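Here are a few friendly notes to read with the structure open beside you. Take the points one at a time and look for each element as it comes up.

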Amino acid sequence: MSKSWLVIRPRQLPLSFRLDRRMPAVLLVLGLVTLAAMVLNVGQGEYPIPPMEVLKTILGLPTLNPDYPFIVNTLRLPRTVVAFGVGVGLAISGTILQGLTRNPLADPGIIGVNAGASVAAVTLIVLFPNVPLFALPVSAFGGALAVAILIYLLAWDKGSSPMRLILMGVGIASVLGALTTLMVTFGEINSVSQALVWLAGSVYGRSWENVRALLPWLAVFVPLSLVLSTQLNVLNLGDDIARGLGIKVEWQRGLLLLIGAAMAGAAVATAGTIGFVGLMAPHLGRQLVGPTHEGLIPIAALMGGLIVVLADWLGRVLFAPIELPCGVITAAVGAPYFLYLLIRNRKR
Amino acid sequence: MNLLSTRRLTLAYDGAPIIMNLDLAIPAGKITTLVGPNGCGKSTLLRGLARLLTPRAGSVYLDGADIFKLSTKAVAKRLGILPQGPVAPEGLTVRDLVAMGRYPYQNWLQQWSKEDERLVEQALATTGMTPLAYRALDTLSGGQRQRAWMAMALAQDTEILLLDEPTTFLDLAHQVEVLDLLYELNQTEGRTIVMVLHDLNQACRYADYLVAVREGQVWAEGLPAQVMTEAMVREVFGLECRIVTDPVAGTPMCVPLGRKFNLQDVRL
């Protein structure tokens, strides 16, 4: 029997699947750690609540203090849920982009996809201050997709080098950053201040309304990315091998690119640009379950959720009562990690 | 009937055509070897045969049917291609790679059937990669890596196997090993093999059918003994040589002259 694979092949059903043997244990541990981090995060604040009380409140059990349900369920829980969801979106987007470009440095933030989402969403906020919340992800998705296609056309052609892709992305991101600044400069003061808070890359003050705007995107695109994980595996071997194995390369790659842009767009529309999550989560995931995507996508997704939840918690604990946006924390950790990968990649 | 053939095939990348109006029939159940100088279009032809390149004109036919009108997954069950110098993602194990060869047979519900498992194990065994199955590809030597990719192509379980320079970057012992493996696959399983080779003597030793390509055209095709002549090497490669008989295989063997050894010095 297989040593490194877990085979699911029920006798009665026409089903068969194969997963990395490390998968169940990793999934369990990572899931528990993520839940613990979320409980910790909910308990943290001006009015600290012990973890057990947080759990009881979420589960609707009687608690010590009648104020807990309001604090936990109305004020704090949506923020943590949003942090988790945003991390999932960024991580899956990064995993897909790294797989498609065969470039370990690809990340929706680094190659400018997040900047595209930002500029589209900020434009919407500044031009139409009363726009409903659910419209933001749509606009951000449009911006993310536009940049993804632009980069695809400019830098991807005929197996371009990793460096070219990164440089092109950095260039596009800085142009779009300038455009965002321009929008902010000329916008009306109230809508601008709203946009500025949002741009910092924070889950501060996110409500159930934000969760409801983000959730449909995750509900559609997370399963879709799992369904396409075998295709992503084969595409990761290069165009010729993929074609030879019967992949319709342009079509499948287009679809995966769309999913990547949608996930990044929805995440950015919800919490602004939280950088490097899409870079770190897939790398950490690969260390745990290897590079095949059936296992990597769910593990990287959980890892991404965990990273953003932890970053949000750290941002509030480190210099309390001053609160750092979680985007600052992920950048402080992610930027050196990126440099490390860059140096290691050059040596290879 | 020829399994794989081309009719007035013209292939091009962006600029001028690389293969022009080419008619070629690959004999079924044989080993066909494409030879030719650098840039003659033999690799392009191989990619064209494997439907990796859309023709500018003409087409490729699999069992008489236009290969581009067949579903690409259906073609992948009958024809496998191993391009030159493929690169695997970091950390991918040999067994994971070989399992990807089963992609054409899988769908959303059936991702790892018993048949998949059997053929992957068999491909690992045939290529001698079973002991290395759990190693990451980037930790292997060039020869081992090449065998891993070949195992992936074998797991695809196709009657036709196309290989672009399967022996490059390998030392002589590993070159012979890879060619022997292909010969055995042809003999025991009757697979049709088409490969591009640089070494003319190896081409003659292993090929049933030799195709010499020059400037996008077939210059000569047939049995190695018929194709491999001093005139062919002169015209196709621009090289003076002597053809002798391979003392081991009995096939034609090309001994180049070059400037250091000119015609007067040669006593053959």
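This is a predicted model: local features need pLDDT of at least 70, side-chain atom pairs count only at pLDDT 80 or more; totals for chains, interfaces and linings use all residues.

1. Which residues of H4(B) are buried? They are B:Asp116, B:Leu119, B:Val120, B:Ala123 and B:Leu124.

2. As for the buried residues of H4(B), what covers them includes H3 and helix H5 (142-155) of chain B. Just after H4(B) comes B:Gly128, which takes a positive phi of about 70°.

3. Step back to the whole of chain B, which has 9 helices and 12 strands. Its C-alpha atoms fill a box of roughly 70 × 40 × 35 Å along the principal axes. A compact globule with 268 residues would have a radius of gyration near 18 Å, and the 19 Å of chain B agrees with this. Buried residues make up 46% of chain B. Of the contacts in chain B with a separation of 6 or more, 63% are between residues 24 or more positions apart.

4. Chain A has 14 helices and 2 strands. The radius of gyration of chain A is 20 Å, close to the 20 Å that the globule rule gives for 348 residues, so chain A is as compact as a globular protein of that length. Its C-alpha trace spans about 60 × 55 × 40 Å along the principal axes. In chain A, 52% of the residues are buried, and residues 24 or more positions apart account for 74% of the contacts with a separation of 6 or more.

5. How many residues of chain B are in contact with chain A? There are 31, and they touch 28 residues of chain A. Helix H2 (72-76), strand E6 (79-82) and helix H3 (94-100) of chain B each supply at least two residues of this side of chain B. H2(B) gives the largest share, 4 residues. Sorted by class, the side of chain B that touches chain A has 18 nonpolar, 9 polar and 4 charged residues.

Conventions. Residues are numbered from 1 along each chain as its sequence is written. Chains are lettered from A and ligands numbered from 1 in the order in which they are written. The radius of gyration is taken over C-alpha atoms; the globule rule is 2.2 Å times the number of residues to the power 0.38. A residue is buried if 20 or more other C-beta atoms lie within 10 Å of its own, exposed if 12 or fewer, and partly exposed in between; C-beta atoms are placed from the backbone. Two residues are in contact if their C-beta atoms, placed from the backbone, lie within 7 Å. Ala, Val, Leu, Ile, Met, Phe, Trp, Tyr, Cys and Pro count as nonpolar, Asp, Glu, Lys and Arg as charged, and the others, Gly among them, as polar.
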